[in-house]
Amino acid sequence: NVQDRWESEANGLPFSKGLSRMSCGYLLCTILLFVAVLLAVTVTGTILFMNHYHAPVTEGPPLINTNQDEKNALVTIEKVDGSRINIFIDPNCPDYNNNFLRLEGVQTSLLHSLTDHDMDLKSVKGQDRALLVNLAEEVAKLSAHAGQLKMDYEALRRGQGTLGQDLNTLQTEQGRLIQLLSESQINMVKVVNSVSDALNSMQKEQGVLKTRVKADLQRAPVRGLRPKSCNNGSRPKDCYDIYMNGQREDGIYSVFPTHYPSGFQVFCDMTTDGGGWTVFQRREDGSVNFFRGWEAYREGFGKITGEHWLGMKRIHALTIQANYELRIDLEDFENSTAFAHYGTFGVGLFSVDPDEDGYPLTIADYSGTAGDSLLKHNGMKFTTKDQDNDHSENNCASFYHGAWWYRNCHTSNLNGQYLKGHHTSYADGIEWSSWTGWQYSLKYSEMKIRPNKDDKK
Ligand SMILES: [Ca+2]
């Protein structure tokens, strides 16, 4: 049970600490036990020897009991006169200091016994005296040895204390390191957080910039603002500029659109509905073939003074300058006239590459006498017989012998064949369905543009 108790005390201590205490304590305990047993035997032997010499005296021999009355006493020696000598050994060896005290007690009681018997010793023979002296010397040696053991034990305990101190220092150091680590971890987290914050704010700024750029793009006029006046001699952008410069005669003029600085010639209608119209299409006698391909419609063809198509690239260059209105004048072979007016007109207004995009039509805000036959074509791309951009499974231009912003296919076909009035074929003449249906090819058609009145001044 010694082992068990020590082991239980050792529990909860660092392993090496418990082990060193246990091993040195065990050794010490064993030695003490050995010394105590030796002392007990020696003392018992001495007393027996002395008693044997006093045997002739009437006193009886001393009684030696093993731990009968006194608890924890290894041996109890009871003399005839009733005095007792108890030799204690704690088998559990719980406290070294206590054991030393007891050992010192044993030593003292032994010396006392020896002193008591000193008087008697004088009368004992020299031989016995010498034996006793030897015994006393042995006891003194044992005592010295025990003292040495005690010192060793103290030294061990001090070492243990030092170890404990070192351990404490190590633990303190460990704690400091842990604190440093956690501080550096906190700093790292702070750094990571600040970097993350910076990234977030950058992303936000990027988003704000994106939104701003987008809004600016949306706000920016698709077509450049028109100069208030061209009277100062700057080049005219269209027939309206020429009209504003004082020209009131219909005829051919040069215009220089902003995105067509080399300029080109156009026919200007300076008399109809206030004048200033730039003509881009005319049919009047069937002298020009209008059943042509994409390139012809892009570059233009015919005679400006007669039948002609100005060309998509020029119409585009004109209509991106401002918000243009469109007027279409029509005449049948009974000399009846009608017109269709659209407040908004343009081609390829929102195209990065209008030619690639098919010059989509922007048309809105009808008024007039011919009825609307064009609004259904709003948003449609231009289709020629050699470039099918329509919504039909066929090519509407090929099918109706024209070129137009066909859907599937048309309500108007002003670039159709010059069929001179009623025709039996279907919708392949110069048709304006809301006025003359799909089987009447008109005598006269003129398409012309002017900056919308909102943009004029
Ligand atoms: Ca088609």
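Q: What makes a residue buried, and how many residues of the protein are so classed?
A: A residue is buried if its relative accessible area is under 20%, whereas over 50% makes it exposed. In this predicted model, buried residues make up 40% of the 457 residues in the protein.

Q: Why is Asp390 called buried?
A: The relative accessibility of Asp390 is 10%. The limit is under 20%, so Asp390 counts as buried.

Q: Why does Ser392 count as buried?
A: Ser392 has 14% relative accessibility; because this value is under 20%, Ser392 is classed as buried.

Q: What makes Asp390 and Ser392 donors of the calcium ion?
A: A donor to Ca must be an N, O or S atom within 3.2 Å of the metal. The calcium ion is coordinated by Asp388 (OD), Asp388 (OD), Asp390 (OD), Ser392 (O) and Asn394 (O), at 2.1 to 2.5 Å; these atoms therefore meet the criterion. Along the chain, the donors follow the spacing D-x1-D-x1-S-x1-N.

Q: Why is the pair of Phe333 and Tyr418 called edge-to-face?
A: By the rule for ring pairs, the count comes to 17 aromatic pairs. Phe333 and Tyr418 form an aromatic pair with 6.2 Å centre to centre and 75 degrees between the planes. Centres must lie within 6.5 Å, and planes over 60 degrees apart count as edge-to-face; both conditions hold, so the name applies. This pair links distant parts of the chain, 85 residues apart: Phe333 is in the loop between strand S9 (324–331) and S10, and Tyr418 is in the loop between strand S12 (412–413) and strand S13 (421–422).

Q: Are Phe333 and Tyr418 buried or partly exposed, and why?
A: Phe333 has a relative accessible area of 32%, which lies between 20% and 50%, so Phe333 is partly exposed. Tyr418, at 15% relative accessibility, is under 20% and therefore counts as buried.

Q: How do you know that the charged end of Arg327 sits over the ring of Phe339?
A: The criterion requires CZ of Arg within 6 Å of the ring centre and within 35 degrees of the ring normal. The charged end of Arg327 is 4.2 Å from the centre of the Phe339 ring and sits over that ring. The charged end of Arg314 likewise sits over the ring of Phe264, 5.4 Å from its centre.

Q: Which residues have the most contacts inside the largest nonpolar core?
A: The largest nonpolar core has 56 residues, and those with the most contacts inside it are Trp309, Leu326, Ile328, Phe345, Trp405 and Trp432. Strand S10 (residues 337–347) gives the most to this core, with 5 residues.

Conventions
Residues numbered from 1 in each chain as written. Predicted model: local features only at pLDDT ≥ 70, side-chain atom pairs only at ≥ 80, totals over all residues. Heavy atoms only, no water. Core = buried A, V, L, I, M, F, W, Y, C linked by side-chain atoms within 4.5 Å. Buried < 20%, exposed > 50% of the residue type's maximum accessible area, 1.4 Å probe, protein only. Helix = DSSP H or I, 4+ residues; strand = E, 2+ residues; numbered from the N terminus. Donors = N, O, S within 2.8 Å, 3.2 Å for Na, K, Ca; no water. Phe/Tyr/Trp six-rings, centres within 6.5 Å; stacked < 30°, edge-to-face > 60°.
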